[in-house]
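Hi there,

Here is the structure I promised to pass on. Have a look at it first, and then read on for what turned up.

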Amino acid sequence: MLSITQEMRYRLSAVRCAERFGVQRAAANCHASPASIYRWRKMYIENGRDSRALGSKSRRPKSHPNAHTPAEIKLIRDMRRRNPNLGLQDLWIRLKQRGYTRTQPALLKVLKRLQIPTSPKPKPSPTCKRVKPYEPMSYPGERVQIDVKYVPKECLSPEFIARYQNTELYQYTAIDEYSRYRILCGYREHNTYTSSLFLCQVVSAFKAMGIEVKCVQTDNGPEFTKGFVASKKNNHSMFERTAKRLNIKLKRIKPHTLKHNGKVERSHREDQKLFYSEIIRLNRLITDEESFRKRLKRHQDKTNNRAMRPLGYLTPIQCIDEYRAKKTE
């Protein structure tokens with residue numbers, strides 16, 4: 001239903017003033033010309049004294065000398081019907097080869113006016129493998145992603161290299177898929193032993209928050225599994241034996257599909273931008289393993305209190321608290 005605008009009210013008051021005191025006085029009081037008041041009164045009476053008839057009419061011209069001709073419109077429709085998957089530029093070039101003289105923006109404008117797709121998406125091939133939607137988690141601890149990040153060598157000080165006779169340092173990361181809560185720890189090695197130590201640390205940290213870890217998802221690296229190294233099928237790594245002892249289900253992603261571990265990989269990119277790049281920029285290089293772990297702990301607390309868009313702009317800690325509140329209701 002059309003609403004009554006301020007312009008309609010103004011014209012209605014002018015018409016009523018003219019009916020009561022005459023057109024000349026209404027023109028003087030309402031600061032309008034007598035011809036306008038006569039026109040408004042005629043519109044008002046012809047439409048059954050409906051105030052909505054006093055609204056401004058469209059000033060759009062009925063025609064234009066440079067408008068597309070019916071022959072051009074028919075050419076465009078026929079070309080799009082025969083070539084439904086052509087892009088705008090290819091469609092315009094083919095039309096030009098058949099005598100079309102308009103510009104490409106003019107073609108885009110007429111396609112939108114005729115509600116013809118400008119860049120239709122082709123239908124996928126029947127043999128195309130469709131990607132399954134990512135499985136969302138329903139509670140904290142349902143699945144935790146674990147991965148290892150190589151610490152950039154530019155972050156290591158000469159004192160660190162001289163003390164440990166090593167230029168390698170690793171960051172272990174565990175992220176809860178439901179709440180995005182992270183646990184970080186640094187080690188000078190990455191093998192099944194350090195992986196099992198980190199797994200125990202992750203389980204105890206989540207247990208202190210009242211969360212039980214049900215499943216852990218990792219890639220197929222040798223620090224997690226011997227599936228691609230050992231010849232025997234039952235030759236499990238220390239990490240796998242630790243997970244079995246803690247009654248945790250292990251899930252390995254498909255080889256060469258890092259997107260399946262996307263949450264932890266994405267968090268590593270943020271670590272590079274917010275943590276390691278700042279170490280290099282401020283020249284606060286890592287001097288020993290213990291200080292590196294303390295700095296990682298501060299960074300972990302900062303990221304766990306950082307609002308995230310996938311969580312509805314809640315922090316991971318707030319997300320866990322909100323789940324607990326809903327559970328107790």
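How many nonpolar, polar and charged residues does the lining of the largest cavity have? By class, there are four nonpolar, two polar and three charged residues in that lining. Please keep in mind that this is a predicted model.

Searching the whole structure turns up one cavity of 30 Å³ or more, and the space in the largest cavity comes to about 40 Å³. Its lining consists of Val216, Thr218, Phe224, Thr225, Phe239, Glu240, Leu250, Lys251 and Arg252. Strand 4 (215-218), helix 9 and strand 5 (249-252) each give two or more residues to the lining, and strand 5 gives the most, with three residues.

Next, the packing. In the largest nonpolar core there are 24 residues, and Ile146, Phe198, Leu199 and Phe206 have the most contacts inside it. Two or more residues each come from strand 1 (144-150), strand 2 (170-176), strand 3 (182-187), helix 8 (192-208) and helix 9 (238-245). Helix 8 gives the most to this core, with five residues. If you zoom in on phenylalanine 206 and set aside its neighbours within four places in sequence, you will find it in contact with Val144, Asp176, Tyr181, Ile183, Ile211 and Val213. There is also a second, separate core of 15 residues, with Leu12, Ala14, Ala32 and Trp40 among them.

- Arginine 81 pairs with aspartate 78, with the closest N and O atoms 2.9 Å apart. The two are three residues apart in helix 4 (residues 70-82), so about one helical turn separates them. Arginine 81 is exposed, at 58% relative accessibility, whereas aspartate 78 is buried at 14%.
- Glutamate 289 forms a salt bridge with arginine 188 (3.1 Å, N to O). Because glutamate 289 lies in helix 11 (residues 289-304) and arginine 188 in the loop between strand 3 and helix 8, this pair ties together parts that are 101 residues apart in sequence. Glutamate 289 is buried, with a relative accessible area of 14%, while arginine 188 is partly exposed at 30%.
- Lysine 297 and aspartate 301 also meet in a salt bridge (3.1 Å, N to O). They sit four residues apart in helix 11, so they are separated by about one helical turn. Lysine 297 is partly exposed at 41% relative accessibility, and aspartate 301 is partly exposed at 32%.

Best wishes

Definitions and conventions. Residues are numbered from 1 along each chain as its sequence is written. This is a predicted model: local features need pLDDT of at least 70, side-chain atom pairs count only at pLDDT 80 or more; totals for chains, interfaces and linings use all residues. Side-chain values use heavy atoms; hydrogens and water are left out. A nonpolar core is a set of buried Ala, Val, Leu, Ile, Met, Phe, Trp, Tyr and Cys residues joined through side-chain atoms within 4.5 Å. Buried means under 20% relative accessible area, exposed over 50%, partly exposed in between (1.4 Å probe, protein chains only). Contact means heavy atoms within 4.5 Å. On a 1 Å grid over the protein atoms alone, a cavity is a set of points where a 1.4 Å probe fits but cannot get out, and a pocket is an open set with protein on both sides within 12 Å along at least five of seven lines; lining residues have an atom within 4 Å of a point. Grid points are joined across faces, edges and corners, and a volume is the space filled by probe spheres set on the points. Ala, Val, Leu, Ile, Met, Phe, Trp, Tyr, Cys and Pro count as nonpolar, Asp, Glu, Lys and Arg as charged, and the others, Gly among them, as polar. A salt bridge is a side-chain nitrogen of Lys or Arg within 4 Å of a carboxyl oxygen of Asp or Glu.
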